[in-house]
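Please read these notes with the structure open beside you. They take up a few local features, one point at a time.

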Amino acid sequence: MKIHPFRVLAGKRNLAALTIGLVLFLYIGFLITSNYLSQVDLQKTALEKLRQDTEKLAMSVSYFCAERKIDLKNLSENRAISVYFENKALGMSMEYGLKASLNAIRYQFDRLMEEKKFAGKRIYPRVTFIRPHGEFLVDTGLINLEQDQGRNWNEFLTPDSRDVTFIDKHNPQIPMMIVTIPYFFKGNFAGQLLAWVNLVAVYEHLVKKSQHSNGLTSFVSIKDHLQSTEYMRTKFSPISASELMNIEMGKTRRLEVTDHTGIKRDMIIIRVQIKGTPFFLTRAMPASDILGRRSPFHLLVAMAVLSIAVLIGMMIFWRVTTNNLVLEARFEEASKRRQEIEEKNRQLEQEINERKQAEELLRKAHDELERRVKERTIELVEANEQLKAEIEERKRAERTLRNSEEKFRFLAEKMFDIVWTMDRDFKTTYVSPSIENVLGFTPEERKRQSLEEIITLESLQRVQEMFLRELRRYEEGTVDPDRSVIIEVEYYRKDGSTVWMENTVKAIRGSDGGIVGMHGVSRDITERKIAEEEKTRLQFQLQQVHKMESIGILAGGIAHDFNNMLGIIVGNTELAMDDVPEWNPARHNLEKIRTGSMRARDMVKQILAFSRQSQQEMKPVRISPIIKESLKLLRSSIPTTIKIHQNISSESDTVRANPTQINQVFINLCTNAAHAMGEKAGVLEVSLKNIELDEGAAIHYHDLSSGKYIRLTVSDTGHGIVPKVLERIFDPYFTTKKVGEGSGMGLSVVHGIVKTHGGDIFVASELGKGTTFQVFLPCIEDEPEAEIEIAIEIPRGNERILFVDDEKAMVDAIQPMIERLGYKVTARTSSIEALEAFRANPDRFDLVITDFTMPNMTGVELAKELLKLRSNIPIILCTGYSEHINDDKSKASGIRAFLMKPVFLSEIANIIRRVLDDD
């Protein structure tokens with residue numbers, strides 16, 4: 001192709017223009033980048049200067065605060081304060097000398113306030129001394145009366161520290177910094193010294209005077225909030241605490257704030273820690289004063305705009321030249337294309353002529369083909385009629401067969417029971433698809449399984465025995481060959497679990513009549529088996545309940561008779577103690593008998609509590625004494641090969657509980673632990689600790705909420721508990737002991753008691769290493785009730801008393817006991833005789849004491865008859881035990897007091913006196 005000279009010249013112009021534009025673009029970029037870097041360095045220098053000035057101001061404020069620490073330490077070491085506490089320890093009164101010491105302290109406070117000044121103004125407008133209970137010992141004056149009202153001064157006390165502390169609990173109207181130090185007298189915390197420092201003076205003389213620019217402002221921020229007082233207000237709106245807290249300490253940050261006219265301003269803010277205090281120094285100034293009116297970024301924008309303009313000019317010039325060259329090339333290509341089109345037209349005309357000749361030959365061949373097709377069609381129609389008849393007959397046969405197959409398939413696939421067949425080798429030859437819904441296996445998986453993989457070992461032995469037995473009977477001809485056999489078999493599911501199924505099995509016979517296999521139907525009977533087991537378990541539980549009811553009735557009867565016998569023993573013992581002088585050795589033995597009787601009475605109460613025959617009272621009690629006392633009793637009842645380790649380290653162990661039930665829980669857990677270790681050597685570890693559960697920890701303890709708890713832990717080194725047993729350990733009537741060794745009620749009762757007390761119980765065990773029980777009980781702040789001590793001075797009297805009890809031995813023990821108190825006693829062993837004696841002269845007696853359980857007429861019935869004769873006669877009801885009477889019921893019947901046997905001298909003396917005095 002010929003090269004045009006003007007085209008070459010245009011290409012050189014494009015190259016020259018591109019080169020010149022690139023050089024110009026690089027030069028402009030170099031100039032603007034240099035200027036930008038210089039501006040950035042100047043801004044960094046200005047920001048560094050601002051940071052250094054701010055740190056110097058913060059250091060001066062820190063030195064000021066350090067001087068305040070020295071002032072407070074010197075004041076706490078002042079002799080006037082120690083003299084006051086020495087005089088107080090010597091017992092001086094306010095009139096004698098203590099008031100002078102107090103005035104000396106106030107003088108020292110006033111002197112400190114007068115001497116310590118800052119630019120002619122007092123540094124300390126107020127100095128106080130607060131006692132350990134939050135009251136003022138000395139106060140030089142109130143800052144804000146309204147804020148001081150109702151303030152809890154205990155929050156200012158720091159008895160666990162000996163250092164000077166800065167507190168930011170200031171008055172919002174007059175900003176104050178509180179400097180405080182604890183005072184200790186002879187090593188004991190005696191109070192707190194507090195000095196108020198006016199933050200306005202600190203700001204004006206240390207911060208504000210250091211500002212040289214009208215646009216620069218400084219203010220003190222305390223922790224996470226800002227001051228809102230007049231001296232801190234600038235022409236800008238306050239910055240929020242959240243924005244201030246996001247500023248990194250010692251770093252500058254640009255923030256957009258609004259001035260008093262509503263215009264937004266760009267500000268530079270820096271925040272510095274004032275060492276030794278909880279305060280920060282914050283400074284702010286317009287960004288333009290530090291960074292200049294123009295941002296370096298503006299230079300980058302100018303460079304980009306200029307560069308884009310140069311590139312656009314270059315592109316326009318290059319585009320105009322290129323378009324001319326493109327138009328010339330396209331004109332040459334159009335000429336060539338016209339020549340090619342003319343050549344293709346000539347070739348196309350030749351192809352059309354050849355195609356017309358071919359179409360004429362094709363038409364002739366088509367006419368011949370149509371003639372032959374008509375002849376062949378007639379032959380095919382005749383053959384087709386015959387074939388249709390044959391096909392129709394075959395379709396009728398196939399429909400009949402398909403209907404039969406569909407009926408069988410519907411029954412086999414839709415029924416829930418499993419239909420199956422096996423050969424004589426117990427190989428599955430067919431199984432219905434319902435097996436997948438029942439057992440999880442597909443029919444193909446079941447066909448590949450052996451009989452050992454299908455049913456459990458016990459069922460396998462039973463099935464093999466049944467098959468051999470039936471095969472022998474069939475061969476002997478002793479049974480009907482077409483009969484079916486029903487057998488229950490335990491199958492494996494695909495997930496490893498088992499299911500009980502009822503199998504109806506029938507033999508499959510060959511053409512010679514011999515057994516070649518068997519087919520059967522299996523039906524799931526797991527729910528029926530579970531129902532049968534549940535019925536058996538409920539029957540067993542019902543028997544256990546009847547046993548417990550019998551034990552409760554027996555316990556009530558034993559308690560009544562035993563308390564009566566204890567009453568006789570106690571009465572005679574106290575009579576003997578009254579006759580034996582204190583120096584006599586027999587007096588010590590009698591005291592032992594009396595103490596043993598009191599313990600026996602407590603044991604009866606525990607028996608009644610276990611049989612649920614007595615009401616359990618909840619009250620604040622301490623756990624540690626109960627545990628320690630129970631451990632003493634356990635030591636004698638468990639083998640000596642078992643060591644007992646105790647770790648009772650709780651500081652606060654008061655809970656709302658019933659002591660008898662807590663004792664029952666602890667004894668049961670320790671007894672189970674001893675049984676787990678048996679006669680072998682082992683360790684029984686008991687610990688009692690305080691723990692506190694937060695919301696995160698409480699999640700891991702099921703039903704427990706966050707709060708303070710006392711944790712009782714009982715651990716043993718026994719054989720441990722298997723996982724299956726561990727899951728049911730708290731179920732009622734569940735036990736791993738042999739028949740006659742336990743009822744399975746222990747841990748279920750323990751679980752119920754702990755839940756009733758608002759706590760929870762947890763168990764962890766490892767085979768061969770032992771078991772650990774943890775009991776959590778919520779702690780309370782109430783103090784436990786103080787134990788009632790027997791009064792040394794027993795009240796006496798000279799009134800006339802009618803005493804009624806059907807047991808002669810009880811009368812012989814109680815009557816002289818009451819008479820030795822100074823009373824005149826008339827005794828009767830029959831309620832009828834007592835009623836007749838009272839009816840003869842109702843005003844003869846001042847008090848009636850009667851037993852509850854008596855023949856002919858109970859104590860309550862006797863009381864009703866006596867009240868009919870004299871409505872104001874005081875009556876005391878005694879009983880060894882009865883589920884039909886208690887303190888509330890007796891008072892509802894008009895009885896003044898209720899007394900449980902056995903009766904002790906101090907108890908009956910106090911009750912008699914109280915009833916007579918109330919009357």
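1. Two residues are in contact when they have heavy atoms within 4.5 Å of each other. Helices (H or I, at least four residues) and strands (E, at least two) are DSSP runs, numbered from the N terminus. The model is predicted, so local features need pLDDT of at least 70 and side-chain atom pairs count only at pLDDT 80 or more, while totals for chains, interfaces and linings use all residues. Residues are numbered from 1 along each chain as its sequence is written, and side-chain values use heavy atoms, with hydrogens and water left out.

2. The protein chain as a whole. Its secondary structure comes to 24 helices and 29 strands. Of its 919 residues, 38% are buried (buried means under 20% relative accessible area, exposed over 50%, partly exposed in between, with a 1.4 Å probe and protein chains only). Among contacts in the chain with a separation of 6 or more, 61% join residues 24 or more positions apart.

3. Helix 21 and helix 22. Two packed helices are described by the angle between their axes and the distance between the axes. Here helix 21 (residues 831-840) and helix 22 (residues 859-869) pack at about 10°, and their axes are 10 Å apart. Axes are lines fitted to C-alpha atoms, for helices over the stretch in contact, and angles run from 0 to 180 degrees between N-to-C directions. The two helices are therefore roughly parallel (angles under 35 degrees count as roughly parallel, over 145 as roughly antiparallel, 65 to 115 as roughly perpendicular and the rest as oblique).

4. Which residues in helix 21 and helix 22 meet? From helix 21 they are S831, A834, L835, F838 and R839, and from helix 22 they are L862, E865, L866 and L869. By class, this contact has six nonpolar, one polar and two charged residues. Ala, Val, Leu, Ile, Met, Phe, Trp, Tyr, Cys and Pro count as nonpolar, Asp, Glu, Lys and Arg as charged, and the others, Gly among them, as polar.

5. The loop between strand 27 and helix 22. M854 lies in this loop and counts as buried at 8% relative accessibility. Leaving out residues up to four places away in sequence, M854 touches V804, D805, D806, S831, G859 and L862. M854 and S831 are 23 residues apart in sequence but 7.1 Å apart in space, C-alpha to C-alpha. N856 is found in the loop between strand 27 (847-851) and helix 22 too. Is N856 buried or exposed? N856 is exposed, with a relative accessible area of 70%. Its phi is positive, about 75°, although N856 is not a glycine.

6. Helix 12. This helix (residues 457-476) has 20 residues and reaches 29 Å from its first C-alpha to its last, close to the 28 Å expected at 1.5 Å a residue. The expected span is 1.5 Å times one less than the number of residues. Its buried residues include L460, V463, F467 and Y474. The buried residues of helix 12 pack against helix 11 (451-454), strand 15 (484-492), strand 16 (498-509) and strand 17 (515-524). Exposed residues L457, E458, E465, L468, E475 and E476 sit on the face turned away from the buried side.

7. Y474 and A507 are 33 residues apart in sequence and 9.5 Å apart in space, C-alpha to C-alpha. After helix 12 comes G477, with a positive phi near 75°.
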